[in-house]
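Here's a walk through one protein model, helix by helix. Have the viewer open and follow along.

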Amino acid sequence: MCENERLKLFSPTLVKILSRFSDAKTERTLNCYETNGKHNICFVLDTDNRSNFPSDVSFQSFKKQRDLFYEILKIWEEDHMVAGWSFEYNLGRKIRTLLNYHQDPINFMRMSRLFMDQLLSTSGKNFLEKNLNETTSTLLTSLPNIDQDKFDRLKNRLVTQQTSKGINSAPEFTGYQEFYKEFIVISSNPSFLKHLCDTFISEINELNGTTFTTLNTESTDNETDEDTKKAYVKCLRSLRTLAKFLGFVECMPYKCDNPSRSGNLVSHQIKVRNQVKPNLDVLDILQNSILNGTLTLCIPWLCKYLSMLDPITLRTTYYTSVINILITLYRNFGNSESSIPEHNIYLVKYTLGWFFELNNFPHSVFFERLHSNGSFKMMDCHKPLGIDRLNIADQNVLYIFCPYLEEIRKLLTSKIVAKDRITIRHITPLSAAESPKEVARKKIENQLEEAFFNGHPASLRKTVDFVAERIASTCVKWLCYNVVPDFKRNLTKELHAQLRDWIKHKRNSEDILRKKSENFALDNLKRLEVFCEAEVDKIVEKKLKSAIVALLPLDCLPQMEAICIVAAKRMCLDKVKQWTSTHIILSVLTKDISTEIAKFTSEDQSKIKPKPTFSLPPGGSDVTHNEKARSGAQILDDFRDLSVAILSTSNRLEERLLANILDDTYKTLTERNDVNEVVNFMIHMQLVDFSLLLVTFQPSLIEKYQNRFFDIWKLQGDKSEELFGNLLCQRNIMLLAQSGPKVRESWTAKAKLCAGLLRENLISCECFESQCAGFFKSNLDEETLKNVTSFLKNFVDNYKKNCTSSKFTYLLEFLSDYCNDL
């Protein structure tokens, strides 16, 4: 958070405070993931012997039930990850056989106890841990200097499934919990589920009454030892697991696919359920926790239990009283003068805040409670009692029982704050949201459309889908290659006028210009969206009906034809809308706007050059296409092969081959419309390198065909100077040194080539002059300096033949005369 750029802009003071906290913070690691490696519950002689069963048949039946239960669990562990594996199909019959094996209540109670113990033993584990634990010992013995604690933490980070899918994610069943949830759903045995709820409630009441003592109870700072923290974490984990499954089982009869109900139906259900007392008296448990100071243990599992209940249950009178107390705790817990450790306060308030944001929570009760004058007296004592007074919660505990904090941490530590990126948050006003009637209307229309296609041959649906897809593709291509580029060009012209007006008095800084341009881009984005929508409507109206009519059967009724047209139009518009929402965004305009601002604010605007584009318009470049001309890729391959031949062999390049490749290159660049700017530029650059090879190894050829080279380079127009920016660089000087006995001839040929480039305005005098001055920034040997002197003199002589003397030639003459001395 201290490195978060947004936070630094928002409150520099807060960042300083956080920095002090960070410097004073000490890292403490609590190993809360330790397991004993035992998956199955062992046989306990005192509780599982014959005397605890009413008959021999009951005792023998339970032993078979126990064996069958672990057989089912083993099958699930081995096969549930297999593609196409079904819990109901593979294990449904075994589960029903298990529960119907013996109907004695004692057997159901024992089976429920075994189910719960096994659930608590494995619910905190991922099913991948079993295979990992079997190979851990072998792996550790083969690796020297391995820290067992670090190895266990790394293993858990790699195999443990993510426990939160968002800040306000509802509870989910992951890992082994998925097995127990499916077991409950498939069982469909009321007797077993009743005994299971009784077992869960009994264990919850027992665990909730657990007391935690410290080695130094008289200490003023109330620090706790690691063993106490581990015991607390283990107890609270069990409580939260049992509470989640208890809430799931109790609300199974009330779950429905469509939770929306009218006011009368909700009122009637609440009236009926108000007459039923809950099995788990959470109101009494909560009040006792407040009096005994055990909220740090009670609130986390209580919120987990309430989060599993259905919305109607939470609106009953009983649970409304519970929620009112929780809201008061949320507002007042830790606000009194009594010193409650801050992490205990965080744990209670974070858990309550998460519960208040869930979809099943009655939000109206929360806001009614905020405006009520009544208050709940939370504690009468000045000193906290019980576990609330202990420093039993820390950062590790918070992340274990509030996994959604990880999502908040990711948001707070985000460093993605780019100056050239504009983040727009669209807030949908209430009036813009679709009404329930509109949503219901669309749903009915979709159902009617689906029923229509189901009543006709599958080819009809395929025809409509095909037409919708192809016309949507046509619309997207038209927007991408015509509408958006034309709009951006017009926008650039408008921006130029705006920028000239903004910088007329030179009182606007670059930052102010950027802010103004951002507003300018936002306004024009709306214009672009409207314009794109209008263009799409035109294309759809023009093409869709005729396409549908042409592809439908001749005996198709007019009513059927009309329905197909409406359906295809909806599909087409949905596809185009999806594309525009992803691609017609603010960055489409801001990129060009940023470039234009840089041009206006840059001292040397000539340094800013547009990059060549790789794509072509749908119809190709604006020339008549000659399919017989060689393609750009073939021309590049030809230059590469000739360059390799010149460098690797002593054979001279045939004049015929050079003439042919120059002719082919000119035809490719002038007669093919599939050569984009990137390939065009690469061909010209390859031609420059090829000419330098000829200057080095066959200078006579370059002098003879020099004008043919010039004709091709002129096709670049104003961009030709980019080709010759490194004409006299160190690499090309070293290349000329490889010409051997022809070194003088090669330097002379290069002087004539450079003079011709200036004569044809392919390179400016300023660019060539700066490159000549660069000779003297490099450490050149004496022989090379002599060649440079000769080169400059030959260049001046050739340049004067067609151009008059100027300051430019005088400078080069001076450099040639005093080159050796310099």
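In which hand does H13 pass H14, left-handed or right-handed? Turn to that pair and you'll find that H13 passes H14 in a left-handed crossing. A crossing counts as left-handed if the near helix is turned anticlockwise from the far one by less than a right angle, and as right-handed if clockwise.

Before going further, a word on what you're looking at. This is a predicted model, where local features need pLDDT of at least 70, side-chain atom pairs count only at pLDDT 80 or more, and totals for chains, interfaces and linings use all residues. Residues are numbered from 1 along each chain as its sequence is written, and side-chain values use heavy atoms, with hydrogens and water left out.

How confident is the predictor? The mean pLDDT (the predictor's confidence in each residue, from 0 to 100) is 78 for the protein, and 76% of its residues reach 70 or more. Two stretches to treat with care are residues 215-220 and residues 374-382. Over residues 215-220, pLDDT stays under 50 and the model has 2 contacts beyond four places in sequence, a contact meaning heavy atoms within 4.5 Å. Over residues 374-382, pLDDT also stays under 50, and there the model has 15 such contacts.

Now the overall picture. The secondary structure comes to 35 helices and 0 strands; helices (H or I, at least four residues) and strands (E, at least two) are DSSP runs, numbered from the N terminus. Of the 822 residues, 41% are buried, and the cut-offs here are under 20% relative accessible area for buried, over 50% for exposed and partly exposed in between (1.4 Å probe, protein chains only). Take the contacts between residues at least 6 apart in sequence: 80% of them join residues at least 24 apart.

Back to H13 (residues 282-292) and H14 (residues 295-307), whose axes come within 9 Å and cross at roughly 155 degrees. Axes are lines fitted to C-alpha atoms, for helices over the stretch in contact, and angles run from 0 to 180 degrees between N-to-C directions. H13 and H14 are therefore roughly antiparallel. As for the labels, under 35 degrees is roughly parallel, over 145 roughly antiparallel, 65 to 115 roughly perpendicular and the rest oblique. Among the residues that meet are Ile285 and Leu286 of H13 and Trp301 and Tyr305 of H14. The contact of H13 with H14 has 10 nonpolar residues, 1 polar and no charged. Here Ala, Val, Leu, Ile, Met, Phe, Trp, Tyr, Cys and Pro count as nonpolar, Asp, Glu, Lys and Arg as charged, and the others, Gly among them, as polar.

Next, find H4 (residues 56-79). With H6 (residues 105-122), H4 packs at about 30 degrees, the axes 10 Å apart. That makes H4 roughly parallel to H6, and their crossing is right-handed. The contact includes Phe62, Arg66 and Phe69 of H4 and Arg110, Met111 and Phe115 of H6. Its residues divide into 7 nonpolar, 5 polar and 2 charged.

H4 also packs with H9 (residues 177-187), at about 125 degrees and with the axes 11 Å apart. H4 and H9 are therefore oblique to each other. On the H4 side, Phe69, Ile72, Leu73 and Trp76 meet Glu178, Phe179, Tyr180 and Phe183 of H9. That contact has 7 nonpolar residues, no polar and 1 charged.

Finally, look for Lys526 in helix H23 (residues 510-551). Lys526 is exposed, with a relative accessible area of 57%.
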